[in-house]
Amino acid sequence: MSIHEREDRALRLQRVAELLAEAVTPQEVLDAILTEGVRAAEARAGAIGVLSDDGETVELLAQQGYPGPIKEDWGRFPVSAHLPMSQVMRSGEPLFISTLTERNELFPELAQQAQNGSSIAVLPLAVEGRVFGAMALSFAEEVEFGLERREMKVALARQASQALARSRLFAQEQALRERMTFLAEASELLSSSLDYNLTLAQLTQLAVPSLADWCAIDMAGEEGEIVRLAVAHEDPEKVRWAYELQERYPPKPNQPHGVPQVVRSGKPEFFPEIPEAILEEAIGDDEELRQIVDQLGLRSMICVPLTARGRTLGALTLIAAETHPTYTEADFQLALELAHRAAVAVDNARLYGEAEKGANAAQALAYVADGVVLLDNDRVVLHWNPAAAAITGVEESHALGKPVDEVVPAWSSLTSHVPLARPGTSGTRPVTVPLVLDGTELWVAVSGVDFGEGRVYALRDVTAEHALEKTRSDFVATASHELRTPLAAVYGAVRTLRREDIELSDEDRTTFLEMIESEALRLSHIVGQILLAGQLDADAVELRVAECNLAEIASGVIESASVHLPEGISLSLSADGVSSIMCDENKLRQVLVNLLDNAVKYSPDGGHVQIRLERAGGGCVIEVSDEGLGIPSSERERIFEKFYRLDPEQTKGVGGSGLGLYICRELVERMEGHLSVDSQPGVGSRFTVALPARL
Amino acid sequence: MPGPLQAGSEEHRGSAGSDARRVLVVDDERSIRMLCRVNLRASGMEVLEADGGQAGLEVARRERPDVILLDVMMPGLDGWCVARELAADKSTKDIPIIFVTARADAADRRKGEQLGGVGYVVKPFDPVGIGELVDDVLTRIERGEREQLQRGIATEHEG
C-alpha cells in the first residue's frame with residue numbers, strides 16, 4: 001500500500017469521524033456510517049443490525065447499497081441463526097470473507113440467496129466490551145483482507161459503535177424526557193378536574209399520536225360490563241368508526257384477551273407484536289370483522305388495568321397500527337405509570353364525590369333536631385351530630401372514635417329497652433326512657449336501626465313533653481280531687497235531706513239547700529276554668545272592651561268574697577281616684593276573683609287581704625296583697641304555668657285546678673297588660689296587674 | 001238503730017248516753033263537717049269537730065275521741081301529718097283513724113295504710129251510711145280485727 005493510499009484512507013476515516021461527531025440522532029449516525037463509512041471502507045453496500053432488548057433477536061436498523069427487499073427479508077432474525085451477523089454478535093469477533101465460495105461454505109443458507117457481491121466483512125459494534133450490534137460491509141469484487149484493511153474496518157466499526165451507542169443513549173434520554181413530559185402533562189390534565197369522564201377522554205387525546213395510533217379507555221360497569229369511556233385517533237372519522245365497531249361488536253366479558261381479561265384479572269397485557277392467534281380468536285368466523293381488522297393493521301398492543309386501592313376500575317389500551325413503532329418495554333412501563341395515575345385520579349374523584357355526599361349528609365344531620373348517633377359493631381361512635389351533643393352534653397370531638405359506653409356511661413340502660421328495627425322495615429316506635437346525666441334527669445325518646453355494619457340511634461329530648469304529660473296527668477288527678485269535694489257536699493246534702501228516719505230542723509234543711517247551691521256553683525266554676533284554659537290555648541277568647549268603672553268591679557268582687565270568707569281573714573279596698581278604664585269588664589272581674597281567691601286560699605292562718613287601685617301613667621295598677629304563706633322565689637314564675645301548682649302534692653291542703661294564675665296572666669296579657677308577683681315566704685304575696693291607658 | 005232524732009240540737013247531745021261513740025270530724029270544708037255531724041248524730045253518736053289539722057290534733061289530745069274521721073287535704077297541717085303526730089303520741093296512738101278524702105289513688109290508700117288508718121272513705125261518699133261504717137269499724141277493732149282493717153284499706157275499692 002502506497003503512502004498516498006494510506007493518507008487517503010486516513011483522510012476518509014477522518015471524514016467519517018467528523019461526520020459521526022456531528023450526527024446526533026441514531027438515524028443521522030446510521031446515515032453517516034452507511035454513506036461515508038461504506039465509501040471509506042471502499043465497500044459497495046453496508047447494513048447495521050442491533051441486538052434486541054432481550055438479546056435474542058437481531059434487528060436490522062438500516063442498510064445501504066443492497067438491492068431491494070433485504071430489509072424485509074432480513075429485518076429480524078435470531079441471534080442463534082447461522083448467519084454472519086448472528087455469528088459476529090455471538091462471538092464478538094470480526095468476520096472477513098474474501099470469496100463467495102468461502103461464504104457459501106461457511107453459511108450454506110446464504111448460498112440460496114442472491115449471489116451478488118464477492119467479499120464481506122462483518123464487524124461487531126461494541127462499547128465497553130459489550131457487543132450490541134454488528135456492521136456488515138459487502139464489496140463489489142473479491143478483496144484480500146490484509147492487516148491494514150482489517151484494521152481500517154475495525155477502526156471504522158469502533159467509530160460507528162461509539163457514535164451509534166452515544167446516539168442511542170441520546171435517543172433513549174430523549175424518549176425518557178418525552179415520556180416524563182407526557183406523564184407530567186397527563187398528570188396535570190388528570191388533576192385539572194374532578195370530572196374524570198372528561199379528563200380521561202382528554203387523556204386519550206393526549207396519547208395520540210405521540211404514544212399510540214389508537215388510545216382507548218374502558219371502565220368496568222357496576223355489573224361487570226365494559227363501558228367504553230373514550231377512544232382517540234388522529235382521524236376523527238376513524239373515531240366514529242371505532243364507536244360504531246364497539247357497538248356492533250361489544251366486548252364479551254369472558255374474552256380471553258384484551259380489555260375484558262385485563263379488567264377481570266387486573267393484570268396487564270403487552271404484545272409487542274400482536275400474535276395472529278389472538279386476532280383470529282377475536283375475529284372468529286366473521287368475515288366482515290376480519291376485513292375491518294385487516295384494514296386497521298393492528299400491530300402492537302398494550303392494555304393496562306386502571307387499578308386503585310386494589311380495585312380494577314377499568315383499562316387503558318394503546319395500539320400501534322399504521323404509524324406508531326412497535327411498543328417496547330419502556331412504552332409498557334410508561335403505560336403502566338400512566339394507568340396508575342389515571343386510576344388514582346378516578347379513585348380520588350369518586351372518593352371526593354362520596355365524601356361530598358357524606359359531607360352533605362353530615363351537614364343535613366347537623367340541622368336535625370333529633371340526636372343521631374352512629375355506632376359500629378364494636379359500639380364505637382362513628383357519628384355524633386350536634387343535637388346528640390346537646391342532649392347528652394358530650395361534644396362530638398369527645399365522642400367520636402370512642403366506645404359509646406365510655407362516652408355516655410348510662411348508654412346501655414338507655415338503649416337496652418329499645419327494639420332495633422331492620423333497614424327497610426317500617427321501624428319501631430321510639431321508647432321514652434329516663435337518662436341521668438351528671439345528676440339531672442332527662443327523658444329521651446330513643447329509636448334504633450341495626451343495619452348489619454352497625455347501629456344508628458335517634459334520640460329526642462322529650463323532657464319538656466314528658467313534664468307536660470306529667471302535669472297533664474297530675475291535672476287530671478288534681479282536677480278530680482277538686483271536683484270530688486263539692487260533689488261530696490252536693491251528694492251528701494241530697495242523701496241527708498232524703499233521709500226519712502230522721503227529722504231535720506228547718507235551719508239544717510236550709511243550710512243543706514244552700515250547700516247544694518253553693519257547691520254546685522263551685523263545681524261550675526272549676527269546670528268553667530278548665531274550659532277557659534282550653535279556649536285560651538285555642539286562642540278562642542274574645543275580648544269586649546268598653547269603658548268600665550274599675551272601683552265598682554273591685555268592690556263587687558270583694559263583696560261576693562266576703563260572703564264565704566273563712567275566719568281570720570279581713571278584706572279591704574283602696575281606690576284612690578281611680579274610676580274608669582277601658583277593658584273587658586268580665587275578664588277583669590275574673591282576674592280579680594281568681595287573685596282574691598288565691599290570696600284567701602293561701603292565707604290558711606288568716607290575715608288581711610287588700611285590693612289597691614292606683615293610677616299609673618294613662619293606665620292603672622291593681623294590687624292584690626295578702627299576709628299568707630308566700631311563694632318561694634324559685635317558684636315565682638312557674639306559678640303562672642298551666643297546670644302548675646305551688647304544692648302539687650297538696651300536702652298543705654290548698655286545692656285548685658292549677659289554672660287560676662295561668663288564666664289570670666293570659667287574660668291580662670290579652671288586655672295588653674302585665675301580671676307580676678312579689679312575695680316573701682311566710683310574710684305574704686302581692687300580685688300586681690298593670691293595665692295600659694287604652695286598649 | 002235509735003228512732004227518729006232531732007239531729008244537730010244541743011239538748012239531744014246527751015241522748016247518745018255516756019257510752020255513746022265519740023267521733024271527731026276533722027275537715028276544713030264546713031259542708032263536709034256538717035254532713036258528718038248530722039248523720040253521725042242520727043246514729044246516736046257524739047260528734048266533735050275541728051276545721052283544720054292543728055285544731056284536730058288539739059281536740060284529739062284533749063278529748064280522746066273513740067274514732068277520728070280525718071280529711072287529708074287541709075290548709076296548714078294536712079291529714080297525713082295529723083295521723084303521724086297522733087301515732088307518735090302515746091295518749092293518742094290507739095285512736096282509730098278513718099280517712100275521708102278526695103284522694104282516690106292506690107298510692108294514697110297505701111299511705112293511709114302505712115299511717116295506721118283503719119278505714120278509707122273516698123269523697124263523694126254517702127253520709128247516710130257513715131254512722132254504720134264507724135260502728136262497724138269500732139266493733140271489729142273491739143273484736144281484735146284492727147290489723148285486718150288496716151290491711152283492707154289498700155285493697156278496698158272505691159264505693
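Residues are numbered from 1 along each chain as its sequence is written, with chains lettered from A and ligands numbered from 1 in the order in which they are written. Because the model is predicted, local features need pLDDT of at least 70 and side-chain atom pairs count only at pLDDT 80 or more, whereas totals for chains, interfaces and linings use all residues.

Strand β10 (residues 300–308) of chain A is mostly covered, with 8 of its 9 residues buried (20 or more other C-beta atoms within 10 Å of the residue's own, C-beta atoms being placed from the backbone). Strands are DSSP runs of E of at least two residues, and helices are runs of H or I of at least four, numbered from the N terminus. Strand β9 (residues 269–271) of chain A runs antiparallel to β10(A) and is joined to it by 3 bridges, while 9 bridges join β10(A) to the antiparallel strand β11 (residues 311–320) of chain A; pairing requires at least two DSSP bridges. Ile302(A) of β10(A) stands opposite Phe270(A) and also opposite Leu318(A) in β11(A). A hairpin is formed by β10(A) and β11(A), with 2 residues between them, and Arg309(A) in the turn has a positive phi of about 45 degrees.

Helix α19 (residues 506–537) of chain A packs against helix α22 (residues 660–670) of chain A at an angle of about 45 degrees, their axes lying 10 Å apart (lines fitted to C-alpha atoms over the stretch in contact, with angles from 0 to 180 degrees between N-to-C directions).

Conventions: A residue is buried if 20 or more other C-beta atoms lie within 10 Å of its own, exposed if 12 or fewer, and partly exposed in between; C-beta atoms are placed from the backbone.
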